[in-house]
Amino acid sequence: MGLLLRCSLSLACRTTKLVSESRILQQQWRYLQQFQILLASDITKNENVSLSAPLSSRNGNLRTNSTKFRKNDVKTSRSSIPVNKTVAFNIQEASVDDLTDNKMLIEIPENCQQRQYFDMVVKYLHENQFYEALDVLQVKMLKKDLEPDDYIYTALIGYCGFAGHPNEAFKLYDDMVGRGLAVKSTVYHSLFRSVGRNPSRNGLKQLNNLLKTMEEKCIEPDEKTCWSLLKAFGQCGSVEEGVKVLHFMVKRNMDIPQNCTSHLFRSCIKDKASGFQNVLFLYKKMLEYGISVQLHHFQYLLHCVRECSIGDIDSFINVLKRIGVENADKLSSDKDLEENLPNKSQNLYTKYDIELPIFPRDLPNLLSDHPTLGHITSIKNIKTPQDRLYLLGGLEVVIDNMSKNNIKPDLSILTHLLLCGPDTISTEKSLLDLAEKCDIALNIEFLNKILQHRVRRGQYREAKEVLFLIKDSGLQPNQFTFSILTMICAEIDNANQSLVEMNESSMWALWDFMTDKCIDSEDKTCWSILKELGECKSVEEGIKVLDFMTERNLHLPPTYISHLFLCCIKDKTAGFQNVLILYKKMVKYGLAIHLHHYNYLLHCTRDCSIGDVDSFIRTLEKLGVKNAEKLRSARENASMSSEKYELTLFPRELPNILSDTPTLGYLTSLKNIKTPQDRLFLLGGVDVVIDKMVEHNVNPDLGTLTHLLLCSPDTNSAEKKLLDLAAKFDIALNIEFLNKILLHRVRRREYMEAKEILSILRDRGLQFNQFTFGIVSVMCVGVNDAENLLEEMGKYGMRPETTVAIGFLRNACRKYQMDYVNMVLDLIIRYEIEVNRSLLRITDLFYNNCLQLLEVPGVAPSARVDSIRRFCERYPKWKDNVLYTL
């Protein structure tokens, strides 16, 4: 009876306990649902989180932009987990299945004193306040002397997995293991997920260590953990380990989603050095394990063929052996591939253009069920995409493998095959036939690539077929199409056989198509061609387009002519004669000439030569210049020095090419036209340029005056003329322009005129800069002048630099002013002025001259002998001190 009573009581207790546990589990499930909803809302929103955030369908993905979580003012933690308060978590995609996984169920103990803390953690995570949730674990629970249970760690690690922050996740995991808490499969799932979302530098090491720990504990990853593991290995670039996971999943009949294998393929694409061997190994293993291959897998495969190399040859041979390639063990990495591959000038495929007597069985085919290398005995020179596609078996083998897997190619497949296949007309025709057969809609980008390939090969008639295909497809040519057409025009000009083939002149070979059959607006076509011709440095063809537009009265914006002017500026050899032709054409056709056109003209005058003299003479004849036919390059030199510009010649005797009736004046030779002053003199000088600008209702600006200054004769009168023009047209001068005039006058040692520029600077309220003071320092002939300049620099808050010190030294050393020299040496040390080679060259030369003066008695003035001797004693120590400081 007692035994029966004890059994009844025990059964009653167990029943009560089961009821209590059932209630607890129901409450736990409610907590879990709340936690799942907040995680979903965290992923689907950036800042404003709602508990009612909708979940997508099964196997869908929740996406959002990156959201930052920052810790506010929290107390110092006594836990062993270091926290970086400024870390930002990037929330990426999260599977809905993971959010609704029953294994996320957290077992809360019956006497749960930590439940309120769990509620706080859930609340903070719901509000995207991760560090506040971490404070509950690190600070608040420790203050109450409560040991955290595994469910709080599971929640925090799960959140790190969703947020993609592996470092924090693994720190929490290490602390969890250190406390001896039970680690459930959900924790491992979250750890793998965190690495997959945001792989760190030690990501692969973390994954391997964690897998080793699971193996020691005899814990097998479940299906969803394997999904996260595949993504993690893909993000870390370990395809080999990813294939092992695939094998594990296949052996246990686990479901393998398509996006999981895509992570491994993308990892192959990132590895440019050896991605081809990795993707080949992955593809063959997927077929071996019976994993379905989809369209995007073939896209990834061809992407690797196009961009990734085979890697180390011995490693690639080993991969070929592992996938069962026949005769792979006979490969040699020392032989030259050129003995084995067909001639590179021919197509790689016997089906198309190869005339070599090679049977189909002798061709390589690595995609076959029985992969073979055919006649290949060496892979040393497998370097190009064509070589790698040839190893796979070629274009038809890839398409056949897609058909076996019931996959229809798309435009992306055709694009990859075009860029990987042989650069031949037959390959392109095969792809176009395939597009028609599979009803693939072609776009302008794909046809542009074919057009570019044919132009590059000089097949202009076949290129015209592509243009008609663009028309028949109803596609609109874009800027790249016009760029290719410009290439055609340039190539036709350089190839007489192409002219015979096309039976038309260069620019107009495809003009009918461009204007009448492709686009509605002729003027826009011309604009595009002008821009491309300017970038291709073809001014002559651009002028032909101007002639054509003028004949048809087409509108031409000034910006497109600017491309031709810029092209002239780039041609330093003959840009001056090209810009003359362009300018005169604009005047002839009555085109609007703007300020920037004159600035470009003067820029060419300044920087560009006239080119070949005979060619320039022919240009002048085309422009209608008087007496141009009498010029001969072999005649006596006609000096064009700046002094001749000051001769009192009658205006009719001066050259004036910009005139409506251009003339060369008294010039009879162009052999010595070399300087900017010479070229401006040919145009007619400053007055003629300004008159022409006024004639076209254009006022000069500061850029115009700057070009004229650098092209005008280096005389005081030319500079005064420019200053008068600035006053006449109310042009605001800046410090850079006046510094140039100041420099010119100081070089000519016109110090009084240079001081006039300083007065202008002060009157206009312009602030001196270091370049100004460097120029003025050359004018400081004595110590007092130098001290005044230093005082002036102090007013502007400036310190003397190397240019100022060099200017002082030149004057001081020229007249052996020893007090001036010593003052400059002290100045260099006081202000720590940089001592460069130019400065040392001056001081060393002066030091050697002083030594020579002391060696010959009576040469140096007796009053200066002592000061020169003291300088010679001081200078070596000063030099060592300065060089040591530098």
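Is Glu719 buried or exposed? Glu719 counts as buried, at 1% relative accessibility. Here buried means under 20% relative accessible area, exposed over 50%, and partly exposed in between (1.4 Å probe, protein chains only).

## Basis

This is a predicted model: local features need pLDDT of at least 70, side-chain atom pairs count only at pLDDT 80 or more, and totals for chains, interfaces and linings use all residues. Residues are numbered from 1 along each chain as its sequence is written, and side-chain values use heavy atoms, with hydrogens and water left out.

A salt bridge is a side-chain nitrogen of Lys or Arg within 4 Å of a carboxyl oxygen of Asp or Glu. The count by this rule is 21.

One of them pairs Glu719 with Arg748 (2.9 Å, N to O). Glu719 sits in helix α33 (residues 716–728) and Arg748 in the loop between α34 (735–747) and α35 (751–763), so the bridge ties together parts 29 residues apart in sequence. Helices are DSSP runs (H or I, at least four residues), numbered from the N terminus. Arg748 is partly exposed, at 21%.

Arg745 pairs with Glu756 (3.7 Å, N to O). This bridge links helix α34 to helix α35, across 11 residues of sequence. Arg745 is buried at 1%; Glu756 is partly exposed at 41%.

Arg874 meets Asp826 at 2.3 Å, N to O. Arg874 is in helix α41 (residues 862–885) and Asp826 in helix α39 (residues 818–830), so parts 48 residues apart in sequence are tied together. Arg874 is partly exposed at 25%, and Asp826 is partly exposed at 34%.

Shared partners join Asp714, Glu719, Arg745, Arg748, Glu750 and Glu756 into one salt-bridge network.

Definitions and conventions: Helices (H or I, at least four residues) and strands (E, at least two) are DSSP runs, numbered from the N terminus.
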